[in-house]
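Work through the exercises below with the model open beside you. Each task is followed by a solution in steps.

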Amino acid sequence: MKDKLKIVVLDGYTLNPGDLSWSGLEQLGECKVYDRTSYEEVLDRIGDAQIIYTNKTPITREIIEKSSNLKWIGVLATGYNVVDTQAAKERGIPVANIPTYGTAAVAQMVFAHLLEICHHVSEHSNAVKNGEWTVNPDFCFWKYPLIELAGKTMGLIGYGRIGQATGKIAQALGMKVLAYDNYQNPGLENESMQYVSLQELLKQSDVISLHCPLLDSTKGMINRDTIAEMKDSAILINTSRGPLIVEEDLADALNNDKIYAAAVDVVSVEPIQEDNPLLKAKNMIITPHIAWAPKESRERLMQRAVDNLKSFLDGKPNNVVNL
Ligand code: NAD
């Protein structure tokens with residue numbers, strides 16, 4: 001690339017709210033970092049840059065077609081559904097994601113959600129601080145059913161990196177693991193882990209956790225019909241992408257005791273909209289898309305974002321998802 005390399009980070013704030021450094025990227029070219037960028041601002045901000053990074057700013061076909069200097073798109077995340085990868089492919093623009101930075105953190109978050117449902121640690125602690133233990137006639141009390149996981153079945157939809165990491169923790173807790181994936185590696189099966197069909201997984205699992213990407217084929221996969229297959233006692237966890245679930249159907253199922261509880265780190269529209277039906281659903285935990293965000297994960301993400309661009313500049317592009 002003969003021109004001076006111009007790099008634009010469209011929405012850098014969540015990766016680096018101030019506790020990390022952009023110096024790795026700054027060493028590779030003239031780097032402009034925006035905290036966040038609205039759709040109306042995108043084209044102007046890209047300008048004649050050859051390199052852009054997005055985390056959740058949509059990069060549509062129109063943006064790709066109108067950004068005439070664009071040579072490479074980096075996604076500051078694992079899920080790359082915010083980029084029209086086909087439109088980029090048609091212009092020969094590689095889109096690179098960061099596949100592995102947050103595997104452990106996301107798997108850990110599944111259990112932060114699940115253990116909260118099983119023990120309600122924060123609500124019990126608040127009750128104690130509000131004086132409820134002090135006036136309790138017995139040495140203990142609990143305000144919700146308490147659930148033991150050992151011996152129960154964890155169903156993982158999508159058994160890639162995060163699905164497998166989640167499965168290992170589930171096994172360590174004494175759970176049996178069932179996995180549904182359209183790419184199966186029989187070498188991963190063992191005494192407490194088996195691949196099954198989606199229908200079998202929905203029927204047999206006590207806990208169901210989503211770990212497949214958001215694609216046309218997976219959008220809305222958890223809906224009235226698939227929920228109908230689940231146990232009434234089922235717990236559903238989603239740390240993958242919000243649109244995998246038809247939220248209206250999940251809220252109805254929770255409010256009508258069709259399943260027991262759910263926890264999500266992601267929703268269909270983020271930030272969550274005031275009228276999202278999950279906000280008022282029974283036995284529902286919602287966190288604001290933070291599974292990826294421990295500092296250790298973000299440090300790895302920053303480093304790999306720089307490495308991805310270096311590999312492209314060296315002519316050996318890495319982690320390209322569309323070419
Ligand atoms: P991965 O590519 O390693 O695994 C995804 C798996 O899903 C693959 O094994 C793939 O074969 C499988 N799959 C694809 N289509 C499927 C289908 N129709 N049915 C069943 N399985 C299907 O990805 P990963 O690193 O495990 O990440 C999984 C997802 O987690 C990402 O796509 C991303 O959306 C999400 N994620 C969320 C956060 C967060 O902060 N909440 C952070 C990182 C990743």
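**Exercise 1. Strand neighbours**

Find the bridge partner of S209 in β10.

Solution. S209 is bridged to I237 in β10. Strand β10 covers residues 235-238 and runs parallel to β9, with four bridges joining them. Strands count as paired if DSSP finds at least two bridges between them. Strands here are DSSP runs of E with at least two residues, helices are runs of H or I with at least four, and both are numbered from the N terminus.

Before going on, note the basis: this is a predicted model, where local features need pLDDT of at least 70 and side-chain atom pairs count only at pLDDT 80 or more, while totals for chains, interfaces and linings use all residues. Residues are numbered from 1 along each chain as its sequence is written, and side-chain values use heavy atoms, leaving out hydrogens and water.

Next, take the other neighbour. Strand β6 (residues 153-157) pairs with β9 in the parallel sense over four bridges. There, G155 has I208 of β9 as its bridge partner.

Then check the side chains of β9 (residues 207-210). V207 and S209 point one way, I208 and L210 the other way, and all are buried. Buried means under 20% relative accessible area, exposed over 50%, and partly exposed in between, with a 1.4 Å probe and protein chains only.

β9, helix α9 (residues 224-229) and β10 form a right-handed β-α-β unit. Right-handed means that, with the strands pointing away from the viewer, the path from the first strand over the helix to the second runs clockwise.

**Exercise 2. Rings**

Which residues do ring pairs link into a cluster?

Solution. Start with the rule. Rings of Phe, Tyr and Trp (its six-membered ring) pair if their centres lie within 6.5 Å; planes under 30 degrees apart are stacked, over 60 edge-to-face, the rest tilted. The count by this rule is three aromatic pairs.

One of them is Y53 with W72, edge-to-face at 5.4 Å centre to centre and 75° between the planes. Y53 lies in strand β3 (residues 51-54) and W72 in strand β4 (residues 72-75), so the pair ties together parts 19 residues apart in sequence. Y53 is buried at 1% relative accessible area. W72 is buried at 0%.

Now W72 with F312. The ring centres are 6.0 Å apart and the planes at 25°, so this pair is stacked. F312 sits in helix α11 (residues 295-313), 240 residues from W72. F312 is buried too, like W72.

The cluster is therefore Y53, W72 and F312, linked by ring pairs.

**Exercise 3. The ligand and a positive phi**

Which residues come nearest to the ligand?

Solution. Of 25 residues around the ligand, R161, I162, D181, T239 and W292 come nearest. A residue is near if one of its heavy atoms lies within 4 Å.

Look at individual atoms next. A backbone N or O atom of I162 lies 2.8 Å from a ligand oxygen atom. D181 places a polar side-chain atom 2.6 Å from a ligand oxygen atom. For H289, a polar side-chain atom is 3.5 Å from one.

Finish with the backbone of H289. Its phi is near 50°, a positive value in a residue other than glycine. Most residues other than glycine have a negative phi. H289 belongs to the loop between β12 and α11. H289 is buried, with a relative accessible area of 18%.

Technical notes: A polar contact is a pair of N or O atoms within 3.5 Å; within protein, one must be able to donate a hydrogen and the other to accept it, and residues adjacent in sequence count only if both atoms are side-chain atoms.
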